[in-house]
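User: Could you take a close look at the aromatic pairs here and walk me through them?

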Amino acid sequence: MTVKEAIRARTGSAYEVRGGDESRDEGEHTSPGTSAATPGTAPPTVAAGRAAQELGLRRSEFELAVHLGLIAVTAGPGGGRPRVHEREIARLREDPGFPDGLAERVRTVGTAEGAALLGIVPARFTRLARAGCVSPVTFYLNRYRAVVWLYLADELASFAVREPELLAGRTPLGMRTMLEAGGDRRARNWRSQRIDRLLKRTADPWARAAVEASALDSAHLAEVVEDPYERAYLARVRPEPVFGRPGSVAARETMGELMLADDPDEILWRRINLTLGLDLAREERPAPHPGDDPGARTTPAPDSTSRVAPPQAPPVTETAPPLSPPAGETPSGLREPGGKRLLARLGWRRRSDG
């Protein structure tokens, strides 16, 4: 579907909102032709490869659909490879738009195809992506080990409907200034969306803090989390995407680099979120130390709705206000019992302090 067709579809009739509600109870989606599981027995499941085949998806598309929350999966026996309930497959197959609808929601395009969808030249598409107007959902390495960003075709169509003025005419001044200074927000927006999706997968406060910690390098992490046992615990409980990281060494190394915040205001955001997340985690339970009783650390995580989650930095667009605090001000007036301000706990110093 081209962007023009998508615009006509959206303006002429109600447009189907993308799925992705991971909190949906799978038990509510039993196919009329599928018998419910016998009480006391696990519902039947299939391997990921077979599920992808039955849903008409390539394996990469299936894994992306799981990452986006479009397909619910469950851990295999003994923590093995993820599996899919047969009733989840039946639910997806009963969708009126199946199979094209599901495949379209996970279709990704590169710069050239994305530009063609939007009806613009590739150079303009690249500028829009660098400015943060569209966010990549994944990437791969080409033969030269350069990062090639991929975008959801569905999100590009949404952007065309939402911001048609950016597809033609002069680029806004603020965007031009940022681009001329060498700005590139593709990796930052990819990180932000990835972190948000991982946070949705867990309510455990230590796991949530670990997700925030994954965006900080070892030096920043040590400044925020001074206790080495807490840092080790964060590394141990950090959730990963269901299908893990890319298989090749080069891809894993590249992802490790891309996952780290590299802009001062983004680093500050992640440090703040990690600091506040640690406060919640420590209130729930302390991190285990050598000699601790393992049974004392098994307190279940509370319902995520019972606490206020740390503020999340949204993907940056060309209209986003600066995230850095004004000179002489702190982003929060929160204090520790000892009287330290939040930024003091972050190890933050104003430039005037040297």
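Analyst: Let's start with the term itself: rings of Phe, Tyr and Trp (for Trp, its six-membered ring) pair if their centres lie within 6.5 Å, and planes under 30 degrees apart count as stacked, over 60 as edge-to-face and the rest as tilted. By that rule, the structure holds five aromatic pairs. Keep in mind that this is a predicted model, where local features need pLDDT of at least 70, side-chain atom pairs count only at pLDDT 80 or more, and totals for chains, interfaces and linings use all residues. Residues are numbered from 1 along each chain as its sequence is written, and side-chain values use heavy atoms, with hydrogens and water left out.

Take Phe 125 and Tyr 151: their ring centres are 5.1 Å apart and the planes sit at 90°, so this pair is edge-to-face. Phe 125 belongs to helix H7 (residues 122-130) and Tyr 151 to strand E5 (residues 147-152), so the pair ties together parts 26 residues apart in sequence. Helices (H or I, at least four residues) and strands (E, at least two) are DSSP runs, numbered from the N terminus. Phe 125 is buried at 0% relative accessibility, and Tyr 151 is buried too, at 1%. Buried means under 20% relative accessible area, exposed over 50%, and partly exposed in between (1.4 Å probe, protein chains only).

Now for Phe 139 and Trp 190: with centres 5.8 Å apart and planes at 85°, they are edge-to-face. Together with Trp 149, they form one aromatic cluster.
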